[in-house]
Amino acid sequence: MAKKKSSKINNIRTFALSLLFIGFIIMYGGVFFREHKIVMTLFMLVGFLAIIGSTVVYFWIGMLSTKTIQVVCPTCNKTTKMLGKVDICMYCNEPLTLDASLEGKEFDEKYNSKRETKRT
Ligand SMILES: [Zn+2]
């Protein structure tokens, strides 16, 4: 599980962009089923929905951006946006935390979930 970590907003942005591409690919795929009007319509519809979904995700990023906290990354000295208690720097992928008790600990996504901390 050596998944490369990046900041949450960057992750969502990547997701929205890939959704947009997938939507176009699906719609383009529908062209190959020109003889089957129903299949083509289905492709177009699914592709269209993916593009709509990506628009919604982009809108969601906009909403999330208003809730982020701007911090100056101690590693690269750039101003980055943080979402939640822990996040990763958008520029150098350095894990950042607002909670002093978590400082120095390994980055863990579950620190953001209140339910997880209650269970322990
Ligand atoms: Zn940084």
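Predicted model: local features only at pLDDT ≥ 70, side-chain atom pairs only at ≥ 80, totals over all residues.

Colleague: How many residues does helix 2 have, and how far does it reach?
Modeller: Helix 2 covers residues 37-65, which is 29 residues. From its first C-alpha to its last it reaches 42 Å, close to the 42 Å expected at 1.5 Å a residue.

Colleague: Which residues of helix 2 are buried?
Modeller: They are F43, A50 and S54.

Colleague: And what covers them?
Modeller: The cover includes helix 1, residues 8-29.

Colleague: What does UniProt list as "transmembrane region"?
Modeller: Its unreviewed entry lists residues 12-32 and 38-61 under that heading.

Colleague: How much of each span is helix in the model?
Modeller: Residues 12-32 are 86% helix and 0% strand, with end C-alpha atoms 31 Å apart. Residues 38-61 are 100% helix and 0% strand, and there the end C-alpha atoms lie 35 Å apart.

Colleague: Turning to the strands, how many bridges join strand 1 to strand 2?
Modeller: Four bridges join strand 1, residues 69-72, to strand 2, and the two run antiparallel. One of the residues involved is Q70, whose bridge partner in strand 2 is K81.

Colleague: What lies between the two strands?
Modeller: Six residues separate them in a hairpin, and N77 in the turn has a positive phi of about 60°.

Colleague: Which residues of strand 2 are on the covered face, and which on the uncovered one?
Modeller: In strand 2, residues 79-82, T80 and M82 form the covered face, while T79 and K81 form the uncovered one. In a regular strand, side chains alternate between the two faces of the sheet.

Definitions and conventions
Residues numbered from 1 in each chain as written. Expected span 1.5 Å × (residues − 1). Buried ≥ 20, exposed ≤ 12 C-beta atoms within 10 Å, placed from the backbone. Contact = placed C-beta atoms within 7 Å. UniProt positions renumbered as here; feature names shortened; annotations may be inferred. Pairing = 2+ DSSP bridges.
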